[in-house]
Structure formats: structure tokens, C-alpha cells
Amino acid sequence: KRFYHVSTDEVYGSIDSGSWSEDTPIAPNSPYSASKAGSDLVALSYFRTYGLPVIVTRCSNNYGRYQFPEKLIPLAISNLIDSKPIPMYGDGLNSRDWLDVRDHCRAINLIIENGSVGNVYNIGGGRELSNIELARLLLDEFGLDDTLINFVEDRKGHDRRYSVSFEKVKKECGYQPKYVFEESLKETI
């Protein structure tokens with residue numbers, strides 16, 4: 001009944017202030033985000049050309065229990081458990097909105113039930129932090145200090161800030177983030 005395509009906020013590129021709406025033109029800066037943008041366009045073209053009931057969502061950074069440890073939060077937690085430093089790209093001021101995976105799953109359900117085909121919906125968590133702020137929250141939870149932050153060369157194509165407006169999914173589908181970041185982070189640890 002629906003072809004549901006999960007994408008990423010990275011397709012919009014970097015934003016200095018404010019938040020992207022679903023109408024913001026996509027402007028990816030890395031091969032990963034360009035491939036995601038391409039897949040968004042292919043999916044939506046199947047809706048326009050063949051009537052395939054496509055819905056595309058673009059979510060912010062997910063986190064939660066059992067996440068593969070290549071991502072910042074599980075990698076930092078695993079490293080701190082093993083008394084290893086947290087690798088921090090560049091100056092650590094890259095900023096992300098954090099979305100509990102359980103909120104993401106609830107949003108997906110709401111969109112499948114109430115969303116309109118041929119549409120794009122942004123899904124956010126409503127908790128923006130710089131990477132250095134996030135590292136310090138984790139260090140506090142472990143009773144450790146900043147000496148376990150290891151600044152490393154920034155990634156190529158690393159966008160400075162992502163932020164999506166999720167007003168559309170609130171209005172059309174009744175989505176509202178349920179999980180409080182600091183509490184979910186403790187559960188994740």
C-alpha cells in the first residue's frame with residue numbers, strides 16, 4: 001500500500017541557522033548524502049511517473065540502544081567503557097539534532113497511517129547539540145573529564161550543522177518527540 005523510503009537530513013547540506021523545511025532544495029555535500037538525495041529523487045519519480053505510492057522521510061541523527069558502534073554515541077560509549085578517548089572531528093562544533101530511534105519508529109508508523117503519498121516528511125528529535133557538548137554529557141555520565149576527548153582531522157565533506165523543521169509531520173500526522181534526550185542517553189549507556 002505504501003513504498004516508504006527512509007532518507008537523511010544530510011541531503012539538504014549544511015545550514016547556518018534556522019531549520020530546513022521539506023520544500024528546501026536539496027544540496028548534498030558528500031558522496032553519501034548525494035547518493036541518498038539521488039535515491040529520494042528516484043523514489044519520488046516513480047510516484048510522479050507510475051503512481052507508485054511513495055513517501056520519503058528525512059530524519060535527523062538517530063541514537064539508541066544496540067546501535068552499531070561506528071556512530072558517535074555508541075562509539076563514544078564503547079570507548080569510555082574501555083577507558084579509551086572519544087574521537088572528535090575538527091573543532092567539535094559540528095551540530096546535530098538527536099532523534100531517539102523509538103521516536104523515529106513512532107513517526108514512521110504515524111506517517112504510514114496518516115501521511116500523504118508523493119510527499120516528503122522531515123522527522124526530528126528537537127534536541128540540538130554540538131559534538132563537543134554531546135561528548136561532555138557522556139563524560140559527565142561516566143564521571144570523567146575532557147582529557148578523554150581526542151581531536152582528530154575533520155572528515156571530508158563534513159557539514160557544519162543540520163536542523164530539520166518537523167512541523168509538517170506534527171500537523172499532518174500528529175508526531176511529537178516523546179523521549180527526553182538526557183534520559184534516553186542514560187538508557188543508551
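Reader: What radius of gyration would a compact globule of 189 residues have, and what does the protein have?

Author: A compact globule with 189 residues would have a radius of gyration near 16 Å. The protein has 17 Å, which agrees. Keep in mind that this is a predicted model.

Reader: What box do the C-alpha atoms fill?

Author: Taken along the principal axes, the box is roughly 55 × 30 × 30 Å.

Reader: How many helices and strands are there?

Author: Six helices and eight strands. Read them in order from the N terminus: β-α-β-β-α-β-β-α-β-β-α-β-α-α.

Reader: Which share of the contacts joins residues 24 or more positions apart?

Author: Take the contacts with a separation of 6 or more. Of these, 82% link residues 24 or more positions apart.

Reader: Now burial. What percentage of the residues is buried?

Author: Buried residues are 44% of the 189. The accessible surface of the protein is about 9700 Å². Carbon and sulfur atoms hold 52% of that area.

Reader: Where is histidine 5, and is this residue buried or exposed?

Author: Histidine 5 lies in strand E1, which spans residues 3-8. Its relative accessibility is 13%, so histidine 5 counts as buried. The cut-off for buried is under 20%.

Reader: Next, the cysteines. How many disulfides does the structure hold?

Author: First the general idea. A disulfide is a covalent bond between the sulfur atoms of two cysteines. The structure holds zero disulfides. Cysteine 59 is in none, and the nearest cysteine sulfur, that of cysteine 105, is 10 Å away.

Reader: Last, the charges. How many are positive, how many negative, and how far apart are their mean positions?

Author: Count 22 positive and 27 negative charges in the protein. Their mean positions are 6 Å apart.

Note on methods
Residues are numbered from 1 along each chain as its sequence is written. This is a predicted model: local features need pLDDT of at least 70, side-chain atom pairs count only at pLDDT 80 or more; totals for chains, interfaces and linings use all residues. Side-chain values use heavy atoms; hydrogens and water are left out. A disulfide is a pair of cysteine sulfur atoms within 2.5 Å. Helices (H or I, at least four residues) and strands (E, at least two) are DSSP runs, numbered from the N terminus. The radius of gyration is taken over C-alpha atoms; the globule rule is 2.2 Å times the number of residues to the power 0.38. Buried means under 20% relative accessible area, exposed over 50%, partly exposed in between (1.4 Å probe, protein chains only). Contact means heavy atoms within 4.5 Å. Accessible areas come from the Shrake-Rupley method with a 1.4 Å probe; for residues, only the protein chains shown count as cover. Lys and Arg count as positive and Asp and Glu as negative; His and the chain ends are not counted. The place of a charge is taken as NZ of Lys, CZ of Arg, CG of Asp or CD of Glu.
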